[in-house]
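Keep side chains ready to display. We will go from the sheet to the rings.

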Amino acid sequence: MAARNADHRSDPESDLSAPPGLRPPADAGQIAELERWLRQPIEPGYREFLEFSDGMDNLRSGMPLLGWRDWPSGDTLSRALRFRDIVTSIDVHIDEGLTEDAVLAPLSVNADGTVGIFLVWDEESPEKRYFWVGNGDAAFFSTLSEVFDVASGARSWAEFSTE
């Protein structure tokens, strides 16, 4: 959080978006309900995060990290679902190595709906748990911690890129 807040303050366009922020935690029942909505097991790191904070405002460049309170409806979720529909309708996920049966549950989307992060459930690629895609770029992550590392600049996108 300290790194994300410092990054936000140093960005000349930071006044256009809210600073990064954590939310009150989700309880066990809410996390179980979210798991049903997502149609897949929640990755342990994401579960641990939800127990600490039910989502995050401005994970990166105005992109929130969705939690229980963002489901089953809302403007951000609607935008994320539309982006997921675009990604799956043109088979981006298949082109990047997931199967046709992979379940992509939106976890984040930018303001114009062109970049998103999905929690992935694909039995043939269990190590690919997070798919960050948009604007011609794509990367897979095994843990939420890796997503946070790239979002904060602690690790390079190139380590996870599909290119």
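This is a predicted model: local features need pLDDT of at least 70, side-chain atom pairs count only at pLDDT 80 or more; totals for chains, interfaces and linings use all residues.

Four strands build it, in the order β4-β5-β6-β7, and their pairing is antiparallel. Which are the edge strands? Select β4 (103-109) and β7 (137-141): each of them pairs on one side only. Now look along the sheet for its twist. From one strand to the next, the twist averages 25°.

Select β5 and β6 next. These two run antiparallel, and five bridges join them. Show the side chain of F118 here. Opposite F118 stands F131 in β6.

Which strands does α6 touch? The helix packs on the sheet, with contacts to β5, β6 and β7. The direction of α6 makes about 35° with that of β6.

Now turn to the rings. Seven aromatic pairs occur in the structure. Display F83 together with F118. Their ring centres are 5.9 Å apart and their planes meet at 10°, so this pair is stacked; planes under 30 degrees apart count as such. Where do the two residues lie? F83 belongs to helix α4 (residues 75-89), F118 to strand β5 (residues 115-121). The pair therefore ties together parts that are 35 residues apart in sequence. Colour by accessibility at this point. F83 has a relative accessible area of 8% and is buried. F118 is buried too, at 1%.

Move on to W132 and W157. This aromatic pair is edge-to-face, with 5.3 Å from centre to centre and 80° between the planes. W132 sits in strand β6 (residues 130-134), while W157 is in the segment after α6 (144-152). The pair thus links distant parts of the chain, 25 residues apart. Is each tryptophan buried or partly exposed? W132 counts as buried, at 5% relative accessibility. W157 is partly exposed, with a relative accessible area of 25%.

Ring pairs link W132, F141, W157 and F160 into a cluster.

For the last stop, select K128 and F140. What sits over the ring of F140? The charged end of K128 does, 4.7 Å from the ring centre.

Methods. Residues are numbered from 1 along each chain as its sequence is written. Side-chain values use heavy atoms; hydrogens and water are left out. Rings of Phe, Tyr and Trp (its six-membered ring) pair if their centres lie within 6.5 Å; planes under 30 degrees apart count as stacked, over 60 as edge-to-face and the rest as tilted. Buried means under 20% relative accessible area, exposed over 50%, partly exposed in between (1.4 Å probe, protein chains only). A charge sits over a ring if NZ of Lys or CZ of Arg is within 6 Å of the ring centre and within 35 degrees of the ring normal. Two strands pair if DSSP finds at least two bridges between them. Axes are lines fitted to C-alpha atoms, for helices over the stretch in contact, and angles run from 0 to 180 degrees between N-to-C directions. Contact means heavy atoms within 4.5 Å.
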